[in-house]
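Visitor: I'm new to looking at protein structures. Could you walk me through how to read one?

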Amino acid sequence: MSGPKVVRIVTREEVEALCRQAIGGAEAAAEELRRMHERMGTWNDKAASDIHSSLEQLRILLRAGQYLEVQKQAPLSSTFMRSEAERLSREALTAAEILQKRRRHLIESAKSVILVLERQGIAVSGELRAVMSLAVAASSDDIQALRKIVSEGMKSARSEATGSAGTSEKGRELALRLQDPSNGVSLEEWLNDNRVPSAAEKRLDAALASVEVFCSPEEVRDFRKRTEAILKAPAASIDPQVDSLVLEASNAAQRARKNALAASRLRELSSELRALGTSSALQFADDLLEAVQDGQVERYEQALERGQSVIRDELAAIAADARRRAVLAGLASLGYEVREGMVAAWVRDGRVIVRKVGTVDYGVELGAPQDASRLQVRLVGSDAPQMPRSSSRDRDQEVAWCSDFSQLKEMLKKSGSEMTVQRALEPGAELVKTVHFDVARGAEVDQQFGEKGQRRSST
């Protein structure tokens with residue numbers, strides 16, 4: 001059938017662009033996983049090799065033209081690496097919470113020992129007093145060293161219980177431990193504090209752990225200072241302050257995590273844009289990274305929306321250009337005159353007419369919307385033919401175009417593109433459209449395609 005047709009074309013170039021975008025997303029997910037490994041201190045040769053192998057496999061598939069496999073495997077790789085990053089994040093949060101519990105208990109232990117020593121009139125060493133400040137940011141190794149200092153302080157205390165009203169419950173408990181070791185709890189066991197923490201203590205540990213994992217170093221330092229001040233305060237005033245600190249720390253962590261997720265998404269969009277390779281995409285990819293690097297949180301939401309819009313627009317532009325060029329290149333190979341600037345004219349006017357060399361009274365009209373999502377192709381005849389037109393002559397030309405159309409479809413398929421006919425009429429089912437041919441069109445062949453439809457090299 002070679003009456004008027006509506007066709008859809010999917011080119012190799014646009015499928016490659018989609019694959020490059022998908023691989024760009026996987027590369028961004030890999031970078032986020034690397035960043036999380038480094039933050040956790042687990043980045044090593046094996047992790048680097050696993051990530052490199054995963055990405056290289058996608059690139060190999062792309063070079064081999066295995067486009068469907070790329071489109072299937074790239075999202076799976078991205079999902080896996082994002083889930084791994086999230087797993088590491090959860091592990092970091094758990095580890096930070098355990099560490100925070102140990103810090104808090106070390107501070108409480110040092111505070112109790114200092115109270116006992118002061119009640120007994122024993123001089124408190126500068127090292128022991130420093131424990132309360134050093135513990136708020138102590139690592140696991142630091143805690144072991146600080147615990148020894150607290151143990152030494154406990155051993156220096158007098159054996160008699162102090163039991164005075166001013167001594168805290170923990171202080172009286174400690175004094176009893178010091179007075180009678182036969183009660184079954186050693187100094188080391190008391191320091192380890194295997195008791196179940198209170199609900200308030202759990203909330204405090206969880207909130208401060210979230211701050212350490214998700215917030216900026218400045219925010220972490222601020223909350224550590226406030227924690228130290230609260231834990232040094234008298235027991236009666238601690239709970240209200242803890243509730244306030246927990247609320248602020250939780251809000252800060254939630255805000256930081258939200259911003260981190262947005263920044264991660266911006267880096268992913270930037271990677272996808274860079275993979276597309278167009279000048280507009282590359283420029284906006286740089287803009288997105290600049291917003292992230294400068295910490296311009298207020299721009300994140302708007303940048304995300306704009307980035308997604310740019311990707312859609314660039315993919316549509318790549319696809320439309322590739323479809324027009326594929327059809328014109330194919331027709332040029334079949335002997336149709338494809339002139340310089342014809343692609344631009346097609347975009348500008350929404351239609352273009354090509355004629356076969358030696359055929360002056362008939363041509364093929366190509367019409368498409370801006371995105372060339374669908375193409376209308378039909379035979380057209382001149383309004384001023386050199387030889388009289390008739391229905392019989394029109395039909396003969398439609399039959400000839402039928403053969404050319406079949407060849408065009410086959411050529412596109414061999415080049416990795418696909419043309420699907422969505423609607424078509426039989427030859428003669430509709431009158432051949434009459435149009436005005438531009439007789440001053442010039443004889444030059446489009447230099448982008450060459451005389452036989454192949455793109456010429458610039459060298």
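Visitor: What volume does the largest pocket have?

Guide: Keep in mind that this is a predicted model. Its largest pocket has a volume of about 870 Å³.

Visitor: Which residues lie nearest the centre of that pocket?

Guide: They are Glu32, Ala260, Leu261, Ser264 and Arg267, out of a lining of 33 residues.

Visitor: And which helix gives the most to the lining?

Guide: That's α10, with 12 residues. Helices α1 (12-40), α3, α8 (199-214) and α10 (238-276) each supply at least two.

Visitor: You named α3. What span should a helix of its length have?

Guide: Helix α3 covers residues 67-119, which makes 53 residues, and at 1.5 Å a residue it should span 78 Å. Its end C-alpha atoms are 78 Å apart, so the two values agree. Just after α3 comes glycine 121, with a positive phi of about 75°.

Visitor: Which residue other than glycine has a positive phi?

Guide: Take a look at alanine 372, where phi is near 50°. You'll find alanine 372 in the loop between β3 (362-367) and β4 (375-382).

Visitor: Is alanine 372 buried or exposed?

Guide: Buried, because its relative accessible area is 0%, and the cut-off for buried is under 20%.

Visitor: Now the rings. How many aromatic pairs does a search of the whole structure find?

Guide: It finds 2. A pair of aromatic rings is described by the distance of the centres and the angle of the planes. For tyrosine 336 and tryptophan 401, the centres are 6.3 Å apart and the planes are at 80°, so this pair is edge-to-face. Tyrosine 336 is in the loop between α12 (300-333) and α13 (342-349), while tryptophan 401 is in helix α14 (residues 391-414), so the pair ties together parts 65 residues apart in sequence.

Visitor: And what about the rings of tryptophan 401 and phenylalanine 405?

Guide: Their centres are 5.9 Å apart with planes at 65°, so that pair is edge-to-face too. Both residues lie in helix α14, 4 residues apart, or about one turn of the helix. Tyr336, Trp401 and Phe405 form one aromatic cluster.

Visitor: Which residue lies over the face of phenylalanine 405?

Guide: Lysine 5, at 4.8 Å from the ring centre. Elsewhere, the charged end of arginine 306 sits over the ring of phenylalanine 284, 5.7 Å from its centre.

Notes. Residues are numbered from 1 along each chain as its sequence is written. This is a predicted model: local features need pLDDT of at least 70, side-chain atom pairs count only at pLDDT 80 or more; totals for chains, interfaces and linings use all residues. Side-chain values use heavy atoms; hydrogens and water are left out. Buried means under 20% relative accessible area, exposed over 50%, partly exposed in between (1.4 Å probe, protein chains only). The expected span of a helix is 1.5 Å times one less than its number of residues. Rings of Phe, Tyr and Trp (its six-membered ring) pair if their centres lie within 6.5 Å; planes under 30 degrees apart count as stacked, over 60 as edge-to-face and the rest as tilted. A charge sits over a ring if NZ of Lys or CZ of Arg is within 6 Å of the ring centre and within 35 degrees of the ring normal. On a 1 Å grid over the protein atoms alone, a cavity is a set of points where a 1.4 Å probe fits but cannot get out, and a pocket is an open set with protein on both sides within 12 Å along at least five of seven lines; lining residues have an atom within 4 Å of a point. Grid points are joined across faces, edges and corners, and a volume is the space filled by probe spheres set on the points.
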